[in-house]
Amino acid sequence: MTDLERKHDRTPVPKEWTYAPAPESREVVSLDDRYGHYVGGKWLEPSETYTTISPATEEPLAEVGQATPEEVEAAVVAARDAFENGWSGISAAERAKYLFRIARILQERSREFAVLESLNGGKPIKESRDVDLPLAAAHFFYYAGWADKLEYAFPNRRPRPVGVAGQIIPWNFPLLMLSWKIAPALAAGNTVVLKPAETTPLSALLFADVLRQAELPPGVVNIVTGDGRTGAALVKSEDVDKIAFTGSTDVGKAIQRELAGTGKKLTLELGGKAANIIFDDAALDQAVEGIVNGIYFNQGHVCCAGSRLLVQESIYEPVVEKLKRRLTTLRVGDPLDKNTDVGAINSAQQLEKIRELVESGEQEGAEIYQPPCRLPEKGYWFVPTVFTNVAQSYRIAQEEIFGPVLSVLTFRTPEEAVEKANNTPYGLSAGVWTEKGSRILWMAERLRAGVVWANTFNRFDPSSPFGGYKESGFGREGGRHGLEPYLRFDNGPSHG
Ligand code: NAI
Ligand code: MG
């Protein structure tokens, strides 16, 4: 960095070089003042409500329901009724038709959804527009294609739907996680009760309008909003046949305990502490882009984020120097501005967690780097951060921060890289950067992670299964694998 600073001293760089604002229009979204629960194809007036806000401005956006156990039960009854009296009996091709419709409507309304997603969740519009929305639609298209081919996907096993699926999703990719959950469930012939996260309910509530447009039969998808108490009520509900959960490892463990011995099916997609491993023969500039995408994408609110950077010792200095320089060019600010790279932290609670862990990193002895950065006065913000001089035992190297914070460690040999990468209770993803194909394969065989990206990071495709090892959870979403948790089989193993 010293070289760079010296160069800066000599070059007449303008003190400030700002981009003109390029705001996306909020007008494409029209919000109601108050939302109920979407149950049996109708809006159920909620008995309790809370206010959902924009994390970038703290402005209130709407009142939404905090579903009580009775309201959750009403949704489960509606889902059971739809399952028994229609949905499980219609032809598979007919089911596919609805999924195709939903996919098309999401495409048609993608701008509206992208703006709403950024407004309620804080993520940059360029990400919700170019990643969340296209992938959400792609998931529905993909699973629409499987609906009438289940016999081919699982030959000789006579696949049948499970029944009513309870689905609990987080706030980091609200609409995309909804799609990951609902698309395979419906393709397999189930009905659904979905609970979005408390800080980001609005895209799920707008999705109810997509279901209306698609003329999906009432009760096939029900949406109840609320916090963990609502989620817990859904898990406890006796008439739910399967729970799918994405969120924290702690809540995942509690759900697993709750369901033990009930015979209900369960999939858990939990946290991660992924290693992004850079070998000395990697294309460094591309690798630096991959590192940035790996940890600063979506403010680092990504379960598979590349939050631990493992750099081969011989290239440590150039990598860290390039990385720091790149950080100074990241634009942090208004999520609805098309130039924004890093948006708002999703909630005050999450910001507090990030701050606490960053403080622990400094106290334990790591060296912190943050580029100069002016943050908006209102809202929840955190400057993109790099920690060097990190020991494996530090909390910032062990715990999921779920924020724009990278911990840099080094290694000398491939064996050491594998050992360090696997030295975590998690096992969701990993990245390998090297020119050698044989080394990629060697590493991928040894990394205990559900996904291993080579010379890229954070790439998703609906046909590719995603899920964890160890405390990152079990079960897979995406691909043919993603159908299995939503099916029971007359022949062969029925767990999944
Ligand atoms: P969380 O696990 O509490 O929330 C995720 C979802 O579970 C939300 O819909 C929430 O309402 C629901 N929930 C909470 N308690 C529940 C319970 N007892 N029974 C059923 N559902 C329940 O996660 P939170 O508190 O929002 O974030 C805490 C940390 O968890 C984050 O800092 C991050 O490290 C991790 N996390 C990981 C995610 C992932 O994608 N793997 C997503 C969100 C958070
Ligand atoms: Mg929580």
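This is a predicted model: local features need pLDDT of at least 70, side-chain atom pairs count only at pLDDT 80 or more; totals for chains, interfaces and linings use all residues.
Figure 1. Lys195 contributes a polar side-chain atom that lies 2.9 Å from an oxygen atom of the ligand. There are 26 residues around ligand 1, and those that come nearest are Trp171, Glu198, Ser248, Lys353 and Glu400.

**Figure 2. The second largest pocket and its lining.** The volume of the second largest pocket is about 1000 Å³. Its lining is made up of 42 residues, of which Phe245, Gly247, Ser248, Thr249 and Val251 are the closest to the centre. Two or more lining residues come from each of helix H9 (228-236), strand E9 (242-246), helix H10 (249-259) and H13. The element that gives the most is H10, with 7 residues. Sorted by class, the lining holds 17 nonpolar, 14 polar and 11 charged residues.

Figure 3. Gly365 sits in the loop between helix H13 (348-364) and strand E13 (367-369). The relative accessible area of Gly365 is 38%, so the residue is classed as partly exposed. Beyond its neighbours within four places in sequence, Gly365 is in contact with Asn389 and Tyr394. Val390 is 25 residues away from Gly365 in sequence, and the two C-alpha atoms are 7.6 Å apart in space.

**Figure 4. Two asparagine residues with positive phi.** Most residues other than glycine have a negative phi. Asn389, a contact of Gly365, has a positive phi near 60°. This residue belongs to the loop between strand E14 (385-388) and helix H14 (395-398). Asn455 also has a positive phi, near 55°. The loop that holds Asn455 runs between strand E17 (451-454) and strand E18 (473-474). Asn455 counts as partly exposed because its relative accessibility is 37%.

**Figure 5. Ala188 in the loop between H7 and E7.** Ala188 is located in the loop between helix H7 (174-187) and strand E7 (191-195). With a relative accessibility of 1%, Ala188 counts as buried. Apart from neighbours within four places in sequence, Ala188 is in contact with Arg95, Leu150, Pro161, Tyr486 and Leu487. Arg374 is 186 residues from Ala188 along the chain, and a distance of 49 Å separates their C-alpha atoms.

Figure 6. Arg80 is part of helix H2 (residues 69-87). The relative accessibility of Arg80 is 15%, and Arg80 therefore counts as buried, the cut-off for this class being under 20%. When residues up to four places away in sequence are not counted, Arg80 touches Gly163, Val164, Thr191, Asp239 and Asp241.

Technical notes: Residues are numbered from 1 along each chain as its sequence is written. Chains are lettered from A and ligands numbered from 1 in the order in which they are written. Side-chain values use heavy atoms; hydrogens and water are left out. Helices (H or I, at least four residues) and strands (E, at least two) are DSSP runs, numbered from the N terminus. Buried means under 20% relative accessible area, exposed over 50%, partly exposed in between (1.4 Å probe, protein chains only). Contact means heavy atoms within 4.5 Å. On a 1 Å grid over the protein atoms alone, a cavity is a set of points where a 1.4 Å probe fits but cannot get out, and a pocket is an open set with protein on both sides within 12 Å along at least five of seven lines; lining residues have an atom within 4 Å of a point. Grid points are joined across faces, edges and corners, and a volume is the space filled by probe spheres set on the points. Ala, Val, Leu, Ile, Met, Phe, Trp, Tyr, Cys and Pro count as nonpolar, Asp, Glu, Lys and Arg as charged, and the others, Gly among them, as polar. A residue is near a molecule or strand if one of its heavy atoms lies within 4 Å of it. A polar contact is a pair of N or O atoms within 3.5 Å; within protein, one must be able to donate a hydrogen and the other to accept it, and residues adjacent in sequence count only if both atoms are side-chain atoms.
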